[in-house]
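Here is my note on the model you sent. Please keep the structure open while you read.

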Amino acid sequence: MMIKKTRTPMNAGIVAALFGLLVAACSGGAAAKTTTSSANNAPTAAVVTNATAPAPPAEASPLATASSAPTSIATPTHDHAASPTATEVAVVSATPASATSAPTAPPVVTLAPTSQPQSGPVAVALSDIAIKLDRSSAQAGTVTFAVKNVGTVIHQLVVLKTDVPQNQIPADPSKPGMVAQPGFVTQTQVINPGGTATLTLTLGAGKYVLLCNQVAHYLIGMHVGFTIN
């Protein structure tokens, strides 16, 4: 007996379902391939990004900024022809004198002449109450006394070489109103009022007393010290 095979037509719904699965499978494979490709290309993209990224700007150095910045100098706006300001006066005052004026010549020093011992006669004036000299000393050797009575009564000049002070000559007990004459050298004659006398003596160094030894004249004040150098 022959068996005849008969094709049973496939349901349209099953065919549609199988086609959908096939499309889904193809779509999944493509997606997986895309994902893998993207994963494999990711490092390359990252490297390219790092290589091409611009480097961050370097921090500017303060010194470089200061040196590169232009320096501006303020120009005074005031008129120099006007009165100077306090600052200008201070600057002018601080200018050394040597920079603005010519050097001055050094001062001329003149030494005063040294005093020389007076020469010539020693002038002696006999007044009624004192003896006046034109100098109080002389050099040892020859000494001349030029004596003049300028008083109103008679006087005389007595020369003593003594260390007794001229105001402490002791009284002469044998001659009232007169004094002793220690170290007596010489004396003039009595000189009338207006008269003159001269004594030229050789005297050594030491202390001397000049006096008038008329009665009471020494006590009145007619005495003076003298030195021979």
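The points below go through the sheet, the cores and a few single residues.

1. A word on the source. This is a predicted model. Every value in this note is therefore computed from a prediction, with local features resting on a pLDDT of at least 70.

2. The open sheet. Start with the open sheet of 5 strands. Its order is β3-β9-β8-β5-β6, and the pairing is mixed. Which strands sit at the edges? They are β3 (137-138) and β6, and each pairs on one side only.

3. Strand β5 and its two partners. Strand β5 covers residues 158-161 and pairs with β6 in the antiparallel sense, over 3 bridges. Strand β5 is also joined to β8 (residues 206-211) by 4 bridges, again antiparallel. V158 shows both links. Its bridge partner in β6 is Q187, and its bridge partner in β8 is L211.

4. Strands β8 and β9. How many bridges join β8 to β9? There are 6, and the two strands run antiparallel. Strand β9 spans residues 223-228. Look for Y208, which stands opposite F226 in β9.

5. The largest nonpolar core. This core has 22 residues. V124, L126, F145, V147, L157 and F226 touch the most other members. At least two residues of the core come from each of β1 (122-126), β4 (141-149), β7, β8 and β9. The biggest giver is β7, with 4 residues. As background, nonpolar side chains in soluble globular proteins tend to be buried together.

6. Another core, of 7 residues, lies apart from the largest one. Its members include L160, I169, V209 and L211.

7. T188. Find T188 in the loop between β6 (184-187) and β7 (196-203). Is T188 buried or exposed? It is buried, because its relative accessible area is 6% and the cut-off for buried is under 20%. Neighbours within four places in sequence aside, T188 is in contact with Q156, L157, A197 and L199.

8. T144. This residue lies in strand β4. Its side chain makes a polar contact with the side chain of T200, at 3.2 Å. Leaving out neighbours within four places in sequence, T144 is in contact with P121, V122, T198, L199 and T200. T144 and G120 are 24 residues apart along the chain, yet 7.3 Å separates their C-alpha atoms.

9. The salt bridge. How many salt bridges does a search of the whole structure find? It finds 1. The side chains of R135 and D134 meet in a salt bridge, at 3.4 Å from N to O. Side chains of opposite charge can pair when their charged atoms come close. R135 counts as buried, at 11% relative accessibility. D134 counts as partly exposed, at 41%.

10. A216. This residue is found in the loop between β8 and α5 (217-220). Phi of A216 is near 70 degrees, a positive value in a residue other than glycine.

Terms used: Residues numbered from 1 in each chain as written. Predicted model: local features only at pLDDT ≥ 70, side-chain atom pairs only at ≥ 80, totals over all residues. Heavy atoms only, no water. Buried < 20%, exposed > 50% of the residue type's maximum accessible area, 1.4 Å probe, protein only. Contact = heavy atoms within 4.5 Å. Pairing = 2+ DSSP bridges. Salt bridge = Lys/Arg side-chain N within 4 Å of Asp/Glu carboxyl O. Core = buried A, V, L, I, M, F, W, Y, C linked by side-chain atoms within 4.5 Å. Polar contact = N/O pair within 3.5 Å; in protein donor to acceptor, adjacent residues only side chain to side chain.
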